[in-house]
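Look over the sequence and the model first.

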Amino acid sequence: MVKSIISIVLLLVSVYLAFKHGWDTLNYKKHPESLKMMNELGITETMIPFFGGLTLLIGVLLLIPKTFFLGNMLNAISIVIIISLAIKAGNFKMVLMEIPFLIMPLVLIWLKYPFKN
């Protein structure tokens with residue numbers, strides 16, 4: 001029972017974050033600090049819509065039982081890419097901030113999809 005509750009909470013947080021970050025990424029022109037941060041990581045303005053769309057796709061994949069694993073894997077891979085770019089840019093504060101977000105999809109994979117019978 002406790003495992004299911006933890007899994008549900010983590011799933012809801014992951015989906016919320018995926019949709020929020022995806023939407024914010026697609027609307028980067030309204031958030032100049034976000035554009036500055038992405039430029040510091042070496043993400044060009046032409047790549048930003050790709051990352052925003054991928055993040056929204058991850059949010060959808062997490063909700064579907066058959067694509068739950070794939071969504072979590074893509075989520076973890078995208079976070080590893082962000083961590084790698086942050087290390088390359090020398091932004092170790094961002095690296096440390098991203099570590100809990102890397103752990104979340106891995107824990108979700110271990111806990112499995114919470115609404116499966």
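A nonpolar core is a set of buried Ala, Val, Leu, Ile, Met, Phe, Trp, Tyr and Cys residues joined through side-chain atoms within 4.5 Å. Buried means under 20% relative accessible area, exposed over 50%, and partly exposed in between (1.4 Å probe, protein chains only).

This is a predicted model: local features need pLDDT of at least 70, side-chain atom pairs count only at pLDDT 80 or more, and totals for chains, interfaces and linings use all residues. Residues are numbered from 1 along each chain as its sequence is written, and side-chain values use heavy atoms, without hydrogens and water.

The largest nonpolar core has 11 residues, among them Leu 10, Ile 58, Phe 68 and Tyr 113. Helices α1 (2–26), α3 (48–63) and α5 (92–111) each supply at least two of its residues. Helices here are DSSP runs (H or I, at least four residues), numbered from the N terminus. α1 gives the largest share, four residues. A second, separate core of 10 residues includes Met 38, Ile 83, Ala 86 and Val 95.

Two salt bridges turn up in a search of the whole structure. The term means a side-chain nitrogen of Lys or Arg within 4 Å of a carboxyl oxygen of Asp or Glu.

| Pair | N to O distance |
|---|---|
| Lys 20 and Asp 24 | 2.8 Å |
| Lys 36 and Glu 40 | 3.7 Å |

Lys 20 and Asp 24 both lie in α1, four residues apart, about one turn of the helix. Lys 36 and Glu 40 are also four residues apart, in α2 (residues 32–41). Lys 36 is exposed, at 54% relative accessible area. Glu 40 is partly exposed, at 46%.
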